[in-house]
Amino acid sequence: MIERTKIILIACAATFAVLSSSIGGINPYYYDILIGCGISIILAVGLNLVNGYTGQFSLGHAGFMAVGAYLASAMSLGIIIPYFEAPIWMPSAEALASDPSATLAWWEYILKATGLICGWLINALFWIHNSIVPLGAALPGWAKFLFALLYGGGIAALAGLTVGVPSLRLKGDYLAIVTLGFNEIIKVIIQNAEPVGASRGLGGMDQQTNFFWAFSFAALAVYVIWNIVHSTYGRGFLAVRDDEIAAEAMGINTTKYKVLAFVLAAFFAGIAGGLYAHFKQFIHPEGFNFMKSVDIVVMVILGGMGSMVGVCFAAVLLTVLPEILRWVAKIESLPQWAREIAENRMIIYSLILIILMLARPQGLFAGWIKKKPRSA
Amino acid sequence: MSPQTIEFIQQLINGLSLGAIYALIALGYTMVFGVLRFINFAHGDLYMVGSFAGWMLFAAPEDESKTGVWASLSRSFAAIPPGMTKVLLALMLAMMICAALGILIEWLCYRPLRQRPRITVLITAIGVSLFLESFGQYIWGAAPKSFPTLIEDTAIEIPESWGSIASLTLLKGQIITFCTTLGLLAALTFIVLKTKIGMAMRALALNQTACSLVGVNVNFVVAFTFGLGSALAGAAGILTSIQQPSIDPLMGILPGLKAFVAAVLGGIGNLAGAVLGAFLLGIVETMVVGYISPTYRDAVAFAVLIFILLLRPSGLLGKNIREKV
Amino acid sequence: MDKKETPLRMSAPLLQLDNVTVQFGGLKAVVDVSFSIGERELVGLIGPNGAGKTTVFNAITGVYHPTAGHVSFAGKKVGKQPPYKITARGIARTFQNIRLFGSMTVFDNVRCAFNMRLKHGISHALWRGSKVAAEEALIEREVMELLEIFGLHEQRDENAKSLPYGDQRRLEIVRALATKPKLLLLDEPAAGMNPTEKIELMKLIRFVKEKFDLAVLLVEHDMKVVMGICERIAVLDYGQKIAEGTPAEIRTNPKVIAAYLGKEVD
């Protein structure tokens, strides 16, 4: 007896495949928005797992999107990362050799050793990447794209692990700030990474993202996260949100759940990043900054933290909103100041946030969908 | 003294000057956290408001497009010759405007959420911050503005007879920053330690319920705290603009974040910690820029933040508050 | 006392505290406390407010780690294990202020306790096979059984926090029992109850102990409840153990009386 949700998922994917060819022909402007909706859903649903279901406050989700975008692009463009020569702050072997009277102090040895070890570790990571790239290049069209996406998602998941493990013992405000910090650090790393274009951005990807890919992954994200949460295993996430101490007392490894939520969300953010990169065909580090993270957080809050349907609606709404505002700004009959405010969507956003928190902190959509009176 | 030592002292001076600004902003963060237990994301933008208050009042209206009352006000203020009086006037006015704005924001946006979970208030604070920034861009435009000259920011002449120290550059702006900061710190210490309202602030930081039970007007004390913190941020805005006359509506983001890191470094909720953390951060940042590379200027704060939160989240001077089970 | 219990007293105790001290900075909440609990014993832990009773609970369950001394369970030291591992070993607890999972139903609250014994992991998310379905069905049966025993099965789909106070306390006990413990720690279960409810509670605790075959450590302020059901009682004052014995002995112990009522003024 195949699970009902599985049937729905497969049906969705089939529908999308069929629709994809015809939808590709619609007005490019609307197509853009449509794909954007799909990508936003993936981002929001992933963050909802962390912020909504597990009650952790992550403000750095765009960082994982960036990791996915850049690594997926690197894979499909076949970018090889050159290795470090020697740590920049240490004299090279030749310099040392040419001046035999220079003996290093003991602390200089330690510094040099640490520098060398760090350099080796980083080079090892680069070597792994460089070895995987030709594997991807050998694959045919769509398989290469899928491979790149999964690669981006996988590395993003690793990034989620790296950020999550040390950070997740912090609570509330502190966790928010640390995740924000990591978002900035990821951005700074990209801005200094020459092989992927640094501050100039990275372009040249094929436009391989279409309706099918974007929405199939969106459906997959919803499927995976819904299934996980609505099971005995998944109740652990909610327990962590409701009362960590009680959860621990009930035998639930709260750290594991927090890290798991983080890693899973980061994976999907990475996929979303890869999809984005192969749609817009150009990515830039500033596109993955704090503001983008806030965008995604607003989607989760607007949708009602922990409400899957609400979050999907909110993601679509907030993707479409800037376009609506742009349209409003063009309405000639409105006064100039109204048109200007519509142009500046940040004003509207921030007001939405403030009013929402004051009036309806559970989100716009929470409680609209009457839940069946069965425990999940 | 060797040139390296002179260089080091120069960096130290610059670092302390930077740290002073961070200290003024960090105090606001820490005071609000102390009484309300939340991080006011919008605080850094009050620093920006301080600068712009100075610009609105003191920049000659012909330079920029100002209308109505601002035009006439700024015409008269711009006419004042540059000097200490102008500086003090700017400081006072900016501090008053920022204090008022801070109190208004607290009353409108944070007070209704007093009983709600902290995350709700945090998100509201992000909203307020974004609003101030975007609204600022809307009114003043995103392009940087030129802050009017309140005082000639020239270097102090150090007599040659003092030896190699004479090669140090000590700007008037830096001296004013130091002195103003020290003065404000002294005033703040006096208020917190020696006045009734200061005692109320300290009590509120310890136990809000008990305070209201013994008759402390919690709303008033909170408003006062906000006003005080915002005033300090406004002062920081003016002091920075004396040395860096290019201001724009987004200028509060980075200093705000860095001042927050400073507050966390020192132990959030701890006033002395905020000052200590701020000076430390200012010095470290200046040293990194001077000795390693300017590209890492902003990354320093984040690196410090990550380190301190992962190693010692309560900060250098903070106390670890355990949750009662 | 049936024949089964006497030999057990001579074998290794289920829970043992050896010179446990819990210190927070300068404050010593628990000082050099030693006692033990055997299998299937019902032991009470009493003392004036602030004596350190909940701290002892927290030390046993791993929320705090003893600054000195150690806690042993079933012969093995508990060490610095995190609380969830200690629960897996067989110690469950309830809390002074009820800590139910507020966003979940009655059913789900109990269901959470089965997390630590799940045989499947995250992989089931992608492919819910028959094994997973079978396990979920088993869990459903076990949870409903538990709820039925305590008469909460009708409210299974209601939000846990919407239950009346007494039912919430019982639900917390059910949830703790769902972890299949060998030792149950109850932290002031009678708080906020009227005399009738307290009598019901006493019956409930005795029933739970018998039916689920476990030892119970009870922290309680209500002397009727404590004296009524406990086989042994330990008394704490200012973090130190000042007396231990049967209810009759404790009732007449001058140190205990002094701790609660203060010394007589001559």
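A polar contact is a pair of N or O atoms within 3.5 Å; within protein, one of the two must be able to donate a hydrogen and the other to accept it. In this predicted model, 12 residue pairs are in polar contact between chain A and chain C, with both residues at pLDDT 80 or more. On the side of chain A that touches chain C, the elements giving two or more residues are α8 (211-229), α9 (232-242), α10 (244-249) and α11 (254-280) of chain A. Of these, α9(A) gives the most, with eight residues. By class, this side of chain A has 17 nonpolar, eight polar and eight charged residues.

The contact as a whole takes 33 residues from chain A and 37 residues from chain C. About 3,100 Å² is buried between the two chains, and carbon and sulfur atoms give 58% of this area. Two salt bridges are found across the interface of chain A and chain C. A salt bridge joins the side chains of R235(A) and D108(C), with an N to O distance of 2.8 Å.

Within chain C, four strands form an open, antiparallel sheet in the order β2-β1-β4-β5. Strands β2 (27-37) and β5 (76-77) of chain C each have a single partner strand, so one side of each is left without a neighbour in the sheet. Strand β1 (residues 15-24) of chain C is joined to β2(C) by seven bridges, the two running antiparallel. In this pairing, L15(C) stands opposite I37(C) of β2(C). Helix α2 (residues 53-61) of chain C packs on the sheet and touches β1, β2 and β4 (68-73) of chain C. The direction of α2(C) makes about 110° with that of β1(C).

Methods: Residues are numbered from 1 along each chain as its sequence is written. Chains are lettered from A and ligands numbered from 1 in the order in which they are written. This is a predicted model: local features need pLDDT of at least 70, side-chain atom pairs count only at pLDDT 80 or more; totals for chains, interfaces and linings use all residues. Side-chain values use heavy atoms; hydrogens and water are left out. Contact means heavy atoms within 4.5 Å. Buried area is the accessible area (1.4 Å probe) that two parts lose on being put together, summed over both. A salt bridge is a side-chain nitrogen of Lys or Arg within 4 Å of a carboxyl oxygen of Asp or Glu. A polar contact is a pair of N or O atoms within 3.5 Å; within protein, one must be able to donate a hydrogen and the other to accept it, and residues adjacent in sequence count only if both atoms are side-chain atoms. Ala, Val, Leu, Ile, Met, Phe, Trp, Tyr, Cys and Pro count as nonpolar, Asp, Glu, Lys and Arg as charged, and the others, Gly among them, as polar. Two strands pair if DSSP finds at least two bridges between them. Axes are lines fitted to C-alpha atoms, for helices over the stretch in contact, and angles run from 0 to 180 degrees between N-to-C directions.
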